[in-house]
Amino acid sequence: MRRYRAVVGVLLAAIATFLVSCGGSPTAIAPTYTPEKIAQLQNYVSRIEASRDRLPELANYIEKDNWINVDNFTHGPLGQLRAELTRLSNQLLPADQAKAKMLSEEILTHLEKLDNASQDRNYGNAMAQYQEFVGDFDALLSIIPQAARQKAVTEPTVYEMTTTLPDAAEERAEAEDMVRVPVMLEDAS
Ligand code: ZN
């Protein structure tokens, strides 16, 4: 009994110390997105937003059974997505990071399955994976602080990324592009 009380005493002391260290210190405030943090995030967000803006292009290729362009798109403009998602997630506050990493895995899994469906020329599966992909993509964007997103949208740096793969109309007009990306011909059949 005596020993039991001693253990309880130690436990209570430990809890009291814990409570004091958590609640008593004026510096123990929950982390927030400071303007500096928002500025840091901006660059990572703009790349992700640029990719998101171009996803209808990918849907269009699937719609047309243009599997070569689907493949070019997933390995071209979306080829750096894993790295970009990781960098973005790492910039988020710890509370948001776990969710962002989980959604990133979802996004990349759907992209991989979309890639497989594309190789199988399976329109139904490709479209289903595309929808899931977009849904998880938007879910991820929704946890990014609005201020970082708004800044990203107004920043012109997005053009760096959009030059990776020219859109079909531009590309057909330029002979150079045809040489550089010969598989970009639409309706090659
Ligand atoms: Zn999913």
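**Exercise 1.** Leaving aside its neighbours within four places in sequence, with which residues is Glu84 in contact? Determine also whether Glu84 is buried, partly exposed or exposed.

*Solution.* The model is predicted.
1. Glu84 belongs to helix α5, which spans residues 81-91.
2. Apart from neighbours within four places in sequence, Glu84 is in contact with Tyr44, Arg47 and Ile48.
3. For one of these, Arg47, the separation from Glu84 is 37 residues in sequence, while the C-alpha to C-alpha distance is 7.4 Å.
4. Glu84 has 19 C-beta neighbours inside 10 Å, and therefore counts as partly exposed; a buried residue would need 20 or more.

**Exercise 2.** Describe how α3 and α4 are arranged relative to each other, and which residues meet.

*Solution.* 
1. The axes of α3 (residues 55-63) and α4 (residues 67-75) come within 8 Å and cross at roughly 155°.
2. Because of this angle, α3 is roughly antiparallel to α4, the cut-off being over 145 degrees.
3. The crossing of α3 and α4 is left-handed.
4. From α3, Glu57, Leu58, Tyr61 and Ile62 meet Asn69, Val70 and Phe73 of α4.
5. The residues of this contact comprise five nonpolar, one polar and one charged.

How values were computed:
Residues numbered from 1 in each chain as written. Predicted model: local features only at pLDDT ≥ 70, side-chain atom pairs only at ≥ 80, totals over all residues. Helix = DSSP H or I, 4+ residues; strand = E, 2+ residues; numbered from the N terminus. Buried ≥ 20, exposed ≤ 12 C-beta atoms within 10 Å, placed from the backbone. Contact = placed C-beta atoms within 7 Å. Axes fitted to C-alpha atoms, helices over the stretch in contact; angles between N-to-C directions. Parallel < 35°, antiparallel > 145°, perpendicular 65-115°, else oblique. Left-handed = near helix turned anticlockwise from the far one by under 90°. Nonpolar A, V, L, I, M, F, W, Y, C, P; charged D, E, K, R; others polar.
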